[in-house]
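Subject: Structure handover

Hello,

Here is the structure we talked about, with notes on what turned up in it below. Please read the notes with the model open.

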Amino acid sequence: MSFLKSTTFNPALALLLLSGPVAGARAAETPLPDAIAAPGETVVVAVQAEGAQVYECKAGADGKLAWAFREPIATLLADGKTVGRHYAGPSWEHSDGSAVVGKAIGNAPGATPNDIPWLKLEITSRRGSGVLTGVTTVQRINTKGGKLEGTCDTAGAFRGAPYSADYVFLRKG
């Protein structure tokens with residue numbers, strides 16, 4: 001990926017080369033709600049995630065057991081190939097060794113009641129050197145699934161709800 005070190009770095013070209021036609025095209029065509037828009041930021045890379053949202057059965061403030069979100073576990077894909085992973089933090093790790101951790105600063109509803117919300121996340125820490133190094137914002141869009149409804153009977157039990165989403169990594173300027 002020597003083109004990333006070039007002084008004539010072209011984010012649009014990087015998006016096409018790194019994300020492949022599916023995630024990149026879908027992300028570019030998606031109108032974003034104001035709550036998760038990132039005006040003035042440039043796309044670094046867009047990938048698709050396939051995995052699960054993991055929930056734990058816990059007692060709520062009222063003492064009743066309910067499913068509580070614990071963590072995501074997903075594979076990041078570009079052009080049908082694995083390019084990284086997404087896990088608790090929330091964290092995203094690219095196969096080139098670069099990684100970022102974010103915190104949610106905006107959200108919008110998914111397309112259906114079964115879809116987890118779309119998110120805007122601000123990067124709070126980073127490590128390594130690679131495609132994610134300069135990322136300042138992550139958007140989770142085009143979510144499918146991931147919500148877990150219903151009762152749980154055993155405290156400490158875990159259940160995963162399959163989901164997919166597009167993650168768009170952006171940088172300021």
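Eight strands close into a barrel in the order S1-S2-S3-S4-S5-S6-S7-S8, with antiparallel pairing. On average, neighbouring strands of this sheet are turned by 30° against each other, direction ignored. Strands are DSSP runs of E with at least two residues, helices are runs of H or I with at least four, and both are numbered from the N terminus. Two strands count as paired if DSSP finds at least two bridges between them. Axes are lines fitted to C-alpha atoms, for helices over the stretch in contact, and angles run from 0 to 180 degrees between N-to-C directions.

This is a predicted model, in which local features need pLDDT of at least 70 and side-chain atom pairs count only at pLDDT 80 or more, while totals for chains, interfaces and linings use all residues. Residues are numbered from 1 along each chain as its sequence is written, and side-chain values use heavy atoms, with hydrogens and water left out.

Strand pairs

S1 and strand S2 (residues 65-78) run antiparallel and are joined by twelve bridges. In this pairing Gln 48 stands opposite Leu 77 in S2. The two strands form a hairpin with five residues between them, and Gly 63 in the turn has a positive phi of about 85°.

S2 is also joined to strand S3 (residues 81-87), by five antiparallel bridges. Here Leu 77 stands opposite Thr 82 in S3. The S2-S3 hairpin has two residues between its strands, and Asp 79 in the turn has a positive phi of about 55°.

Strand S7 (residues 137-145) pairs with strand S8 (residues 158-172) over seven bridges, again in the antiparallel sense. Gln 139 stands opposite Val 168 in S8.

Disulfide

A search of the whole structure finds one disulfide, defined as a pair of cysteine sulfur atoms within 2.5 Å. Cys 57 and Cys 152 form it, with their sulfur atoms 2.1 Å apart. Cys 57 lies in strand S1 (residues 41-59) and Cys 152 in the loop between S7 and S8, so the pair ties together parts that are 95 residues apart in sequence. The torsion about the S-S bond is about 80°, so the disulfide is right-handed. Both Cys 57 and Cys 152 are buried; buried means under 20% relative accessible area, exposed over 50%, and partly exposed in between (1.4 Å probe, protein chains only).

Nonpolar cores

A nonpolar core is a set of buried Ala, Val, Leu, Ile, Met, Phe, Trp, Tyr and Cys residues joined through side-chain atoms within 4.5 Å. The largest has 28 residues, of which Trp 92, Leu 132, Val 135, Val 138, Tyr 167 and Phe 169 touch the most other members. S1, S2, strand S6 (118-127) and S8 each supply at least two residues of this core, and S1 gives the most, with six. A second, separate core of eight residues includes Ala 108, Trp 118, Ile 141 and Val 168.

Leaving aside neighbours within four places in sequence, the residues in contact with Phe 169 include Val 43, Val 45, Trp 92, Val 100, Leu 132 and Val 138. Contact means heavy atoms within 4.5 Å.

Aromatic pairs

Rings of Phe, Tyr and Trp (its six-membered ring) pair if their centres lie within 6.5 Å; planes under 30 degrees apart count as stacked, over 60 as edge-to-face and the rest as tilted. By this rule the count comes to three aromatic pairs. The rings of Tyr 55 and Phe 69 have their centres 5.8 Å apart and their planes at 75°, so the pair is edge-to-face. Tyr 55 is in strand S1 and Phe 69 in strand S2, 14 residues apart. Tyr 55 is buried at 9% relative accessible area, whereas Phe 69 is partly exposed at 47%.

Trp 92 and Phe 169 form an edge-to-face pair, 6.1 Å centre to centre with 85° between the planes. Trp 92 lies in strand S4 (residues 91-94) and Phe 169 in strand S8, so the pair ties together parts that are 77 residues apart in sequence. Trp 92 is buried, with a relative accessible area of 1%, and Phe 169 is buried at 2%. Ring pairs link Trp 92, Tyr 167 and Phe 169 into a cluster.

Regards
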